Amino acid sequence: MNNGKSFIKQSEMNRELENTLVATYPAIYRSLEPRYSGACRFECDDGWYHLIEELSRKLEAKACTTGLLAVEVGEKLGSLRVLFRGDVTSTVDGWLAEIASQSRRTCERCSRPAMLRRRKEGRVRTLCPTCAAAMDYVLE
């Protein structure tokens, strides 16, 4: 029962890509779990995989020496958001800001150049023109 409210499916990364990130960067993702039963650990589409991989490569060494842990990775308001527990230094903050900035110019679905777009019900995502048209999103 949905009480008249429309349900918007959460974005999910392909499980194979997700498993590759967790296996390649075990220190940073050692305790990352899905927020919801049956959900993915990375709550964004595959287009941001290369951004997450780039960030993960930088963070893995920090995680090994500082105990830094990713607790959430996903899309929020059209931008990549990564939340951590542990010692988040100014260097790490800079990396996070740069990746968030790149995600606002990268299609979440296919990695092509993109812009913020919205649907009638209000959901916003960063999508290229092709993906936006396929999903009924318009320019914000």
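Helix 1 and helix 3 run roughly parallel to each other (angles under 35 degrees count as that). The axes of helix 1 (residues 15-24) and helix 3 (residues 49-66) come within 11 Å and cross at roughly 5°. Helices here are DSSP runs of H or I with at least four residues, strands are E runs of at least two, and both are numbered from the N terminus. Keep in mind that this is a predicted model, where local features need pLDDT of at least 70, side-chain atom pairs count only at pLDDT 80 or more, and totals for chains, interfaces and linings use all residues. Residues are numbered from 1 along each chain as its sequence is written, and side-chain values use heavy atoms, leaving out hydrogens and water.

So much for the helices; on to the salt bridges. A salt bridge is a side-chain nitrogen of Lys or Arg within 4 Å of a carboxyl oxygen of Asp or Glu, and the whole structure has 8 of them. In one, arginine 41 pairs with glutamate 18, with the closest N and O atoms 3.5 Å apart. Arginine 41 sits in the loop between helix 2 (26-29) and strand 1 (42-43) and glutamate 18 in helix 1, so the pair ties together parts 23 residues apart in sequence.

Another salt bridge joins arginine 125 and glutamate 108 (3.3 Å, N to O). Arginine 125 belongs to strand 5, while glutamate 108 is in the loop between helix 4 (90-103) and strand 4, so this pair links parts 17 residues apart in sequence. Asp45 joins Glu108 and Arg125 in a network of salt bridges.

Definitions and conventions
Axes are lines fitted to C-alpha atoms, for helices over the stretch in contact, and angles run from 0 to 180 degrees between N-to-C directions. Angles under 35 degrees count as roughly parallel, over 145 as roughly antiparallel, 65 to 115 as roughly perpendicular and the rest as oblique.
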